[in-house]
Amino acid sequence: MVLAIVDADDGEVPDETRQALTLARDVADQVGESLEAVAFGEVEAAAPTLGSYGVDTVHAIEHDALDSYAPRAWAESVSQVADAADPDAVVAPGGDRGPEVLAHVAAKRDLPMVAECVEVTADGTYEITRQRWGGTLLERSRLTAETKLLTVAPNEVSAEEAAGEATVRSVTPDLAEADLEVQLADVEMSDEEGVPLGEARVVIGGGRGTDGDFEAIEELAEKIPNAAVGSSRAVVNEGWRPHDDQIGQTGNKISPEIYVPCGISGAVQHMVGCKGAEHILAVNTDPEAAIIEKSDWAVIGDLHEVVPAVVEAIEDHE
Amino acid sequence: MEPLVCIKRVPNTGARAVLTEDNQSIDTSNLGYTLSPHEECGIEEAVQLVEEHGGESTALTLGPPGADEQLQTAIAMGVDEAVRLDSEESDMRPSRVADAIATAIEEREADYDVLIFGNEAADSQNYQVGVRVADALGLPCVTGIKELSVEDGTAVAEREIPGGAERYELDLPAVITVKEGLNEPRYPSMRARMQASKTEIATVEAAGEGVEGFEKVELVVPEEEASETEILGESPDAAPDVVEVLEELEVL
């Protein structure tokens, strides 16, 4: 059996979890075993979706003291389900909670954990392809541990449904006080306006070539519906923009219809943040800049002249 | 306040990673090294905690003698003490790194209040060393933190979620793994760098075993999708063509 960790906080199954379920089902098919899930939150509401991803049995974790996310308690619950069911592999989604919970499971059970997996060939031992450097480098590795612990790189495996129905059985784990010591205290939603970078249909990016002047870039973003402004890491390091605007390995991952990097050279760490973009149109003075060959369209020119001209052309167009 | 920050030396890769002939690592013969970005913020946080609450901060790394350079950067940024767990092994498995760090912390008999790690190293991205150390030492732990404050023996730590933040409270001592954006790391002055580069770094043999059952086979540079670039123009006169592209994509 392959066991997937599912966070069904509000009855919804997040995208990263669907991707992890898809990879877990692939592994289960390869080893000829069933796919089961250990799930937290509003499990009944999520069960039909889990069934549609090929999960046959959902172990719904219920415990009076577990009213919000608690990493060690989740890990202990996963571990107790694993003790009873002896899975070949435990698969967690990428992001924050998945790796956190599975790392606790790995530490508790003295097992290796392989993070950021994108592909698994399972035949006794697991031949794994995983990401390093935000995906600019891949690692092939071999996992022979008795229980294989895997986390799935976000947005690398496309989620695919299968047919099926899941049976839910509730499990009450035996938790110690120490397991509940760290628990989510509360959630604060920000009241910031504007389109979040991760959800924008158009992203206008500014790099070192802006010299800190983002006026024209902001004006362009205002002219386009559902557009947001992003930046390179160099710009954040200069203190020209806040880190929240950063696109790249250690910043935001964007997936717009079109990304317009202006005065950005296109370092690999930046490119891994925008690889979800459908199209790229670069504005850069340097025709040899790495960003140019990674773009679908380019304007070779000074962004301080080109961007205002584009704003004007949109106004004329209206 | 006795913060400990654990950092990692990583190659400063350029536009494209080039591998060594045996495909076991990045060819660093023409590359410099830097700090993994999350951990640079970890250093800044340790320094700020001491500025606010007093005490002494320590930076720790595991690596070859060359990694002294990154510890010296930490000292130039204001860390009080530095220690290197000596090992020439590249890509040591994360369970063993954690074992070595936990062993060293126990042997140092220091009363660290806040143990700061990067959420994941920029190069290996294993997402587990901090959690494993917390487990080995029996300490509370939270990962992926972008806002941290410490008051009366409690850490308040925030983790970013889409459109907001989750808040956690941990009794100290605790392990906190952090992400870039936590703060703005300072640029040490040339003078501070010069002084730090003369500081001798204490070294200890890296101990620990870690767990078996996982091995790296090789690294692979992924194939890039070749894309044809259409040059729309070489002056602001290309603006109408840009608008045409936006129109075709139906985003205007």
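Two strands count as paired here if DSSP finds at least two bridges between them. Keep that in mind for the first view, and note that everything below comes from a predicted model.

**View 1. A strand from chain A pairs with a strand from chain B.** Here strand 10 of chain A, residues 184–189, runs antiparallel to strand 9 of chain B, and 5 bridges join the two. Look for A:M189: the residue it faces is B:G164, part of strand 9 of chain B.

View 2. Chain A brings 78 residues to the contact, and chain B brings 83. Together they bury about 7,000 Å², with carbon and sulfur atoms making up 56% of that area.

View 3. One salt bridge to pick out joins the side chains of A:R132 and B:D91, with 2.9 Å from N to O. On the chain B side, strand 9 (residues 164–171) supplies the largest share of the residues touching chain A, with 8 of them. Sort that side of chain B by residue type and you get 41 nonpolar, 25 charged and 17 polar residues.

**View 4. The two domains of chain A.** Now stay within a single chain. Chain A splits into domain 1, covering 2–180, and domain 2, covering 197–316. Their C-alpha centres sit 36 Å apart. Where the domains touch, 6 residues of domain 1 of chain A meet 5 residues of domain 2 of chain A.

**View 5. What gets covered between the domains of chain A.** About 390 Å² is buried between domain 1 and domain 2 of chain A, and 53% of it comes from carbon and sulfur atoms. Which residues of domain 1 of chain A lose the most area to domain 2? They are A:W133, A:G134 and A:T136, which together account for 79% of what the domain 1 side buries.

**View 6. A salt bridge in chain A.** The side chains of A:E156 and A:K275 come together in a salt bridge, at 3.0 Å from N to O. Between domain 1 and domain 2 of chain A, the salt bridge count is 1. The domain 1 side that touches domain 2 in chain A consists of 4 polar residues, 1 nonpolar and 1 charged.

Note on methods: Residues are numbered from 1 along each chain as its sequence is written. Chains are lettered from A and ligands numbered from 1 in the order in which they are written. This is a predicted model: local features need pLDDT of at least 70, side-chain atom pairs count only at pLDDT 80 or more; totals for chains, interfaces and linings use all residues. Side-chain values use heavy atoms; hydrogens and water are left out. Contact means heavy atoms within 4.5 Å. Buried area is the accessible area (1.4 Å probe) that two parts lose on being put together, summed over both. A salt bridge is a side-chain nitrogen of Lys or Arg within 4 Å of a carboxyl oxygen of Asp or Glu. Helices (H or I, at least four residues) and strands (E, at least two) are DSSP runs, numbered from the N terminus. Ala, Val, Leu, Ile, Met, Phe, Trp, Tyr, Cys and Pro count as nonpolar, Asp, Glu, Lys and Arg as charged, and the others, Gly among them, as polar. Domain bounds come from an automatic or database domain assignment.
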